[in-house]
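Hi there,

Here is the structure I promised to pass on. Have a look at it first, and then read my notes below.

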Amino acid sequence: MENLLERLLADNGPMLSSELTRLLVDGHGVADAAARKRVSRLSPGIGRVSIKFPRNASFLYLKRFFGTDQYWNNLTQAFLSTNSIYGLALAALRQRGDVMPASHWPIACGAVKQKKHLAPETVLKNLLAAGVLTQHVVPSVGDCIGLAQGRDRYENASANLRARMLTESILLGAIKNWVRNLGLVSYGTVAMRGDGEALPMVGTAAWDLTAPSYLFPLLRRSGADAKPGFFACDVLLGVDVNEDGLKPFIHKCNALRNLKNVGPCIQMFVAHRYTSAAFELAKQSGVMPATPETLFGTEVAEGLAQLLSVLRNALDSAINPQFLDEVFTRLGKIEGAANNLRGALFEYLVADIARKEGSYQIRMNQHFRDETGAKAEVDVIADSSPRAVRFIECKGYQPYGTIPEAMITTWLEKRVTTGSPSCKATPGMEACAYPLRVLDHREGVT
């Protein structure tokens, strides 16, 4: 019978134990009690997710198919079909390319810190313990949450994550100015993801951007006291947001509306595009499904899309100077965008110069540590031969400004030499590369 169970899972894909029992009963004439007993006795080739489903059901799969798209799709849908917060969390992660910065998890996963709800930290802890998710360092990004498919899967996630984070940061800055300049919110109280260690909050949920609003439709009065309403917004660029990908946001919105002590809230989600089902879900749920184009016009929307696309591929191809002019022109309408772009694009330009000088491999924002645990970050690493590695530090100063000598000394004597007390810093830095170990647990650099 074990072979039959494996054949059913191979033919139908991973599924809940209750569904597997039904297949035995309906398709093979096994009595219900006997079918349940046989499903409970699994062969070594069948795996089980340790998180329980309603009615004591389990999610079963063939171990050799663990980590396939069918596995993740079926597991996500199994959770969503039972209205589980785990399904919302997996849907949010899948919508973001199966990996996200750990700092974004409380915002994106859909969980809230509320009675009778699992908090974001609890959801993450349980999924990690069940072997569904992993937490690790992605070079140039930092701590990230990803599907449990091995570290190698996310080795190349750095460029995509950095590109999305920078582009979304510029978009959030534009939304911040938009709501302030319209008078939609209290001007000096806008909180934005990345501005500090604390996440923007409204009620029990974390958001990408929040602010109190004293507009009349949102205002509540109790005697002489005025209690504001709120504006809350999440963003996601670079993908077509689908219905499942929007459900975590909708769940947060509904949880907030059930709080009697929190004022009315305008809730907005911003994405490049939506599927028809996602757009209808947003409208039916009373939230605003906005896009950069509807908010800021075609030119800004195209500039954001162009920036995201080029940054994703910046390490594999040269940066066209014409592109820089176009992006700065298109996004120049957004206050503060130019400053954010200059810092990030300067590093990409330096990497491009190093590539043109003959380097075989370019890596950016690599983190290192030595045997004592001391850490250092390198902006650009240029491997030009099996025995030569150049470290390049990028600093932004005013035109004709002078970099302090103390900063150079610190960089040469402490950061570059991290990992080997006997390593003597030289202008070329070639000898200092080999003792270092990368934070993502690879054994070394060459």
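Before the details, one term: two strands pair if DSSP finds at least two bridges between them. Please keep in mind that this is a predicted model, in which local features need pLDDT of at least 70 and side-chain atom pairs count only at pLDDT 80 or more, while totals for chains, interfaces and linings use all residues. Residues are numbered from 1 along each chain as its sequence is written, and side-chain values use heavy atoms, with hydrogens and water left out.

Overall, the protein has 15 helices and 19 strands. Helices (H or I, at least four residues) and strands (E, at least two) are DSSP runs, numbered from the N terminus. Of its 446 residues, 49% count as buried, that is, under 20% relative accessible area with a 1.4 Å probe and protein chains only.

Now the sheet. Five strands form an open sheet in the order β7-β10-β13-β14-β15, and the pairing is mixed. β7 (191–192) and β15 (288–290) are the edge strands, each with a single partner strand, so one side of each is left without a neighbour in the sheet. β7 pairs with β10 (residues 209–213) in the antiparallel sense over two bridges. If you want to find this pairing on screen, look for A191, whose bridge partner in β10 is T210.

Next, two helix pairs. Axes here are lines fitted to C-alpha atoms, for helices over the stretch in contact, and angles run from 0 to 180 degrees between N-to-C directions.

Helix α4 (residues 69–81) packs with helix α5 (residues 85–95) at an angle of about 140°, their axes being 7 Å apart. That makes α4 oblique to α5, oblique being what remains once angles under 35 degrees (roughly parallel), over 145 (roughly antiparallel) and 65 to 115 (roughly perpendicular) are set aside. The contact (heavy atoms within 4.5 Å) involves D69, W72, N73, L75, T76, F79 and L80 of α4, and Y86, G87, L88, L90, A91 and R94 of α5.

Helix α8 (residues 158–181) and helix α14 (residues 337–356) pack at an angle of about 165°, with 10 Å between their axes. That makes α8 roughly antiparallel to α14. On the α8 side, R162, L166, S169 and I170 meet A337, N340, L341, A344, E347 and Y348 of α14.

Best wishes

Terms used
Buried < 20%, exposed > 50% of the residue type's maximum accessible area, 1.4 Å probe, protein only.
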